[in-house]
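The sequence and the structure come first.

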Amino acid sequence: MPVSYENSKIVFEGIKDAGIRSVSALPETWLGLLLQRAEDDPNVELIQVAKEEEAIGIAAGAYFAGDPHVLLMQNHGFLAAINGVVSLAQLYGIPLCMLIALRGHWGEPYPWHTRGGIVTEEVLRALSIPFEYARDPDKVGKQIHEAYTFSQSSLSPVALLLTRDLMED
Amino acid sequence: MERAQCIEVIYPELEDKLVVTIMGACAQELYNLGHRENFFYLQHAMGLASSIGLGLAMHLPEERVVVLDGDGSVLMNLGTLTTLARYRPKNLIHIIFDNRSLLSTGGFDSQTTAGITDLAQIAMGAGVEHVAMVETPLQFGEAVLEAFERNDLSVIVAEVLAVGPDDYGMDLELPENAFRFKRYIRERRQA
């Protein structure tokens with residue numbers, strides 16, 4: 001199924017409406033249209049990393065600087081970033097607002113995504129990272145704003161899982 | 001030369017810079033010279049000091065950022081050199097102390113121990129234009145001053161002995177360090 005052009009736009013506008021102008025990301029299919037928008041928007045700074053754990057450090061730098069920041073990654077990228085999440089963000093009380101593409105879940109046709117998709121929720125729970133699912137384009141903007149707000153008040157990583165319902169047409 | 005000597009040489013220069021160090025000996029040696037509110041010690045998450053430095057430098061173009069890194073930490077996040085090169089913040093100096101050892105985790109050999117892996121060459125290959133290799137405290141101090149004057153992303157690889165402080169300990173809790181570092185930056189921005 002193709003990636004949703006409309007909903008990618010809605011997610012991007014939700015990020016901007018939350019007052020966020022700094023985005024770190026590692027490109028992946030579901031995030032592609034979203035990242036294109038971030039790249040084309042002169043008011044948004046997009047920092048593309050070579051591996052997702054780098055983005056945890058960059059997000060910490062943005063937080064220290066006082067600039068609202070969002071991290072975009074696939075769930076497998078989140079799995080690759082866990083030591084940074086635990087031993088930088090959680091250890092030092094640094095908020096992270098993570099939008100995570102939930103690949104390998106209901107409806108997933110590609111075998112290589114499935115293991116990561118199956119364990120993502122349980123890993124988030126094991127790490128005490130609060131998470132919500134984003135399925136409805138009418139609600140995702142509010143969810144992004146709330147995720148950011150909660151990350152700042154709890155000084156904690158927070159995850160909003162971008163589902164197939166939202167990201168594919 | 002010893003890393004502690006190098007840090008001592010540049011300590012006066014760090015008074016108004018945002019400094020991010022890696023864990024263990026490097027953090028302790030800076031702390032022992034006198035903690036300042038503009039110092040952040042990353043006591044875990046090996047490899048991410050330079051990523052924090054990049055985030056600081058890109059969001060605070062009016063500040064100068066100095067990262068005190070080590071061979072073991074850089075080897076855990078080699079991709080960082082490519083991201084630094086790609087975004088090339090003018091206000092970031094990335095210092096890598098290469099003691100050719102995983103000193104703070106037991107003194108095991110690192111991939112640079114036998115001199116086979118060359119971190120300066122890796123930085124150059126990643127696309128960092130200004131890379132210096134130094135072996136004496138004088139060279140080190142000059143390289144850092146040149147990097148400040150250049151006003152461009154600079155990597156300095158300093159070959160140091162695998163020795164550290166005799167005692168470890170800081171009167172600073174980890175979140176406290178983060179809170180105070182953030183507050184220091186906010187007050188500078190408001191000034």
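The text below treats the conventions, the interface, and then the sheet of chain A.

The model is predicted, so local features need pLDDT of at least 70 and side-chain atom pairs count only at pLDDT 80 or more, while totals for chains, interfaces and linings use all residues. Residues are numbered from 1 along each chain as its sequence is written, chains are lettered from A and ligands numbered from 1 in the order in which they are written, and side-chain values use heavy atoms, with hydrogens and water left out.

**Interface of chain B and chain A**

On chain B, 31 residues are in contact with 29 residues of chain A; contact means heavy atoms within 4.5 Å. The area buried between the chains is about 2,400 Å², and carbon and sulfur atoms give 64% of that. Buried area is the accessible area (1.4 Å probe) that two parts lose on being put together, summed over both. L48(B), H59(B) and K182(B) supply 25% of the area that chain B buries against chain A, more than any other three residues.

The count of salt bridges between the chains is one, a salt bridge being a side-chain nitrogen of Lys or Arg within 4 Å of a carboxyl oxygen of Asp or Glu. R189(B) forms a salt bridge with D67(A), with the closest N and O atoms 3.3 Å apart.

The elements of chain B that give two or more residues to the side touching chain A are strand 2 (39-41), helix 3 (49-59), helix 5 (79-87) and helix 8 (174-190). Helices (H or I, at least four residues) and strands (E, at least two) are DSSP runs, numbered from the N terminus. Helix 8 of chain B gives the largest share of this side, eight residues.

**Sheet of chain A**

Chain A has an open sheet of six strands in the order 2-1-3-4-6-5, with parallel pairing; two strands pair if DSSP finds at least two bridges between them. Strand 2 (45-48) and strand 5 (131-134) of chain A are at the edges with a single partner strand each, so one side of each is left without a neighbour in the sheet. Strand 1 (residues 22-25) and strand 3 (residues 69-74) of chain A run parallel and are joined by four bridges. V23(A) stands opposite V70(A) in strand 3 of chain A.

| Helix of chain A | Strands of chain A touched | Angle between directions |
|---|---|---|
| Helix 2 (residues 32-40) | strand 1, strand 2 and strand 3 | about 125 degrees with strand 2 |
| Helix 3 (residues 52-65) | strand 1, strand 2, strand 3 and strand 4 (96-101) | about 175 degrees with strand 3 |

Axes are lines fitted to C-alpha atoms, for helices over the stretch in contact, and angles run from 0 to 180 degrees between N-to-C directions.
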